[in-house]
Amino acid sequence: MTFRPEGRALAMRPAAYREIAVEPLAPEAGRQLAEALLGRDPSVERLPTLIQERTAGNPFFIEELVESLRESGALVGERGALRLTRAVDAVVMPESAQVLLSSRIDRLADDSKAILQAAAVIGRTFAPVVLAAVLGRPAGDLTSVLDELVEADFLQRDGGSGAPSYSFRHPLTQEAAYRSQLGEVRARCHAAVAAALEALHGERVHEHAALLASHYEAAGRKTEAARWHERAARWAGLHDRTEALRHWRAVRALIADDPHAEDTRPLALAACLGLLHHGAFFGESESELAATFAEGSELAERTANREAAILIRLGFAVARHLAGASREALEHLGEAMRRAEAASRDDLLYLTSCVLVETLLTTGDVREALAASERAMTIARGDADLCAHRVGFSPLAALTTLRGLLRALGGDVTAGLRDVEAGMEIARRRGDLEVVATGCPD
């Protein structure tokens, strides 16, 4: 990937990361590039040196500057065979690449400018079908303008045998086109992009929920953005806990002004559940988790949502268990089980029992943990999918593996190994790598 010198990320670790610094062109190389673009007409003889001095050897800036001078009429002819139409001292050169790009965009015809700006809102890469939907025009009507924008080096066509697509030739070009719009116009365009993407992707729109959330957020439509962040969190939660946590935090932030409003209350409750479920593993502090538990409990009681009340308590029990407060976790698990029994919710009783087994094992209560595992097995009746949608893996696979460990600790090593292998087989069949990792004998 490419980034500016100030860019920093967690992936930039010495053992797995190599940085190649791309320095500006040396003065002579910068002049040579400018000469190649301009040609050798006597009228442009001094121009390469001036361009090199203004651009400080930035090759993109050099190319854009020559193109800008062509568009302004200061240069005429074809690239590589250009000549000046005025004195060198009268040539105006922008101070930066951003200013230059903005002036180039301003010189576009109204239709070309509107198309380029709408494309910038969609993203660095875009499909003509999405752009057409945003603009409310047939895709065929855009072809000639897109060709002109490619010819002018604003865009480039992307290769491949699939549906046609275009991308901005440089990130700065997209940024300049994006910022050249009034805020309210840009916001309306973001909303139009979200609607177009939603219609285009149909049944698979959940895979693009994060993108729709970002567009609705940029459009200033907070509640809609929060709903799409919720969908993105649920989708990511199946394979990426850290990404799910990021989306749940976004939900909470977007509805922070009024989490108890009728239309945002379900989102607030879902965010509490998600933050507890993932936050205990990745980055939420004990104080944050406690505050989330208190808020979620209040919301669940206020809305008489018995299922949420059980799951909130279960999530907090897991958080306390992971924090080393297993005795406190057992108290919350006991209350969750009582509520699940009162609600006649065997699925929630099963889920709570699975967590209870692991917590009892941590406290050293092997006999009670083994008894709890047998009770949970009875509820499951061999259903590997029971409650898997809630936790992202098969609880039965984890439970069977844990029972194997408990049997081995109790002295029956043969039966224990048999259970571990049975749990691993369920996990392998489903692709539940977390369970495979915990049960691996190595």
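This is a predicted model: local features need pLDDT of at least 70, side-chain atom pairs count only at pLDDT 80 or more; totals for chains, interfaces and linings use all residues.
Residues are numbered from 1 along each chain as its sequence is written, and side-chain values use heavy atoms, with hydrogens and water left out.

**View 1. The whole protein chain.** The protein chain has 22 helices and 5 strands. Helices (H or I, at least four residues) and strands (E, at least two) are DSSP runs, numbered from the N terminus. The C-alpha atoms fill a box of roughly 95 × 50 × 40 Å, taken along the principal axes. The radius of gyration is 30 Å, but a compact globule of 442 residues would have one near 22 Å. This radius is taken over C-alpha atoms, and the globule rule is 2.2 Å times the number of residues to the power 0.38. Of the 442 residues, 45% count as buried. Buried means under 20% relative accessible area, exposed over 50%, and partly exposed in between (1.4 Å probe, protein chains only).

**View 2. Helices α18 and α20 cross.** The axes of α18 (residues 366–380) and α20 (residues 395–409) come within 10 Å. They cross at roughly 145°. Axes are lines fitted to C-alpha atoms, for helices over the stretch in contact, and angles run from 0 to 180 degrees between N-to-C directions. Contact means heavy atoms within 4.5 Å. On the α18 side, V366, A369, L370, S373, E374, A376, M377 and A380 take part. They meet L396, L399, T400, R403, L406, R407 and L409 in α20. The residues of this contact divide into 10 nonpolar, 2 polar and 3 charged. Ala, Val, Leu, Ile, Met, Phe, Trp, Tyr, Cys and Pro count as nonpolar, Asp, Glu, Lys and Arg as charged, and the others, Gly among them, as polar.

View 3. How far apart are the end C-alpha atoms of α21 (residues 413–430)? They are 26 Å apart, which agrees with the 26 Å that 18 residues should span at 1.5 Å a residue. The expected span is 1.5 Å times one less than the number of residues. Buried residues of α21 include A415, D419, V420 and I426. G416 also lies in α21. G416 is buried, with a relative accessible area of 1%. Leaving aside neighbours within four places in sequence, G416 is in contact with G404, R407 and A408. The C-alpha atoms of G416 and L406 are separated by 7.1 Å, with the two residues 10 apart along the chain. After α21 comes G431, whose phi is positive, near 75°.

**View 4. Helix α6 and its cover.** In α6 (residues 128–135), the buried residues are P128, V130, L131, A132 and V134. Their cover includes α5 (110–122), β3 (125–126), α7 (143–151), β5 (165–168) and α9 (183–201). Just after α6, G136 takes a positive phi of about 70°.

**View 5. E64 in helix α3.** E64 sits in α3 (residues 59–72). E64 counts as buried, at 3% relative accessibility. Beyond its neighbours within four places in sequence, E64 is in contact with L100, L101, R104, D153 and R169.
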